[in-house]
Amino acid sequence: MDIAARLAKETQDCFDRITSFPWDVHAAAIRRRAPFLAGETFGFSEDGVYFDVGDSAEWLNEPDGDILLKAFVVAFPDPSVDDGIREERSVILKRL
């Protein structure tokens, strides 16, 4: 398995998923989860490699303003090592 390629694909898929929702959906999730970050995470294994996939949403500067969205994936090819290989994408979702 090409771990770097799989990280890139999973990160892009997660990024595409979270950016498909409008500002008001993310804003509602942030308000509901406050004071904690809004977001989801899940994991899966493939060919002996564990992948942790997640996203987060938070106010960039002030409540009800722009939102910082992050999509990330961490791969753990060696289960005896705590540090994985991380890839992340982020975008600022402007309030219109």
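## Charge and overall form

The mean positions of the 11 positive and 19 negative charges of the protein chain lie 7 Å apart. The model is predicted. Its protein chain holds two helices and four strands. In sequence order the pattern is α-α-β-β-β-β.

The C-alpha trace spans about 45 × 25 × 20 Å along its principal axes. The protein chain has 96 residues, and 34% of them count as buried. Its accessible surface is about 6000 Å². Carbon and sulfur atoms account for 53% of that surface. Take the contacts between residues at least 6 apart in sequence: 50% of these join residues at least 24 apart.

## The nonpolar core

In soluble globular proteins, nonpolar side chains tend to be buried together. Here the largest nonpolar core has 21 residues. Those with the most contacts inside the core are I30, F51, A57, W59, I67 and A75. Five elements each supply at least two core residues: α1 (3-19), α2 (23-33), β1 (38-46), β2 (49-59) and β3 (67-76).

What does A57 touch, leaving aside its neighbours within four places in sequence? A57 is in contact with H26, I30, L37, A38, I67, L68 and L69. Two of these partners, I30 and I67, are also listed among the core residues with the most contacts.

W23 sits in helix α2. Is W23 buried or exposed? Its relative accessibility is 15%, so W23 counts as buried; the cut-off for buried is under 20%.

Sequence neighbours within four places aside, W23 is in contact with R31, W59, D64, G65, I67, L93, K94 and R95. D64 lies 41 residues from W23 along the chain, and their C-alpha atoms are separated by 9.7 Å.

## Aromatic pairs

A pair of aromatic rings is described by the distance of the centres and the angle of the planes. The model has three aromatic pairs. In one of them, F44 and F51, the ring centres are 5.0 Å apart and the planes meet at 15 degrees, so the pair is stacked. Both F44 and F51 are buried.

Another pair is Y50 and F76. Their ring centres are 6.3 Å apart with planes at 35 degrees, so this pair is tilted. The Y50–F76 pair links distant parts of the chain. Y50 belongs to strand β2 and F76 to strand β3, 26 residues apart. Y50 has 37% relative accessibility and therefore counts as partly exposed.

## Backbone exceptions

Most residues other than glycine have a negative phi, and most peptide bonds are trans. Where does the model depart from the trans form? A cis peptide bond joins A34 and P35, with omega about 10 degrees. P35 is in the loop between α2 and β1.

Two aspartates have a positive phi. D47 has a phi of about 50 degrees although it is not a glycine. D47 is placed in the loop between β1 and β2. At 65% relative accessibility, D47 counts as exposed.

D64 is the other aspartate, with a positive phi of about 65 degrees. D64 lies in the loop between β2 and β3. Its relative accessibility is 32%, so D64 counts as partly exposed. D64 is also one of the contacts of W23.

Key. Residues numbered from 1 in each chain as written. Predicted model: local features only at pLDDT ≥ 70, side-chain atom pairs only at ≥ 80, totals over all residues. Heavy atoms only, no water. Buried < 20%, exposed > 50% of the residue type's maximum accessible area, 1.4 Å probe, protein only. Contact = heavy atoms within 4.5 Å. Areas by Shrake-Rupley, 256 points an atom, 1.4 Å probe, with all protein chains shown as cover. Lys, Arg positive; Asp, Glu negative; His and termini not counted. Charge placed at Lys NZ, Arg CZ, Asp CG, Glu CD. Core = buried A, V, L, I, M, F, W, Y, C linked by side-chain atoms within 4.5 Å. Phe/Tyr/Trp six-rings, centres within 6.5 Å; stacked < 30°, edge-to-face > 60°.
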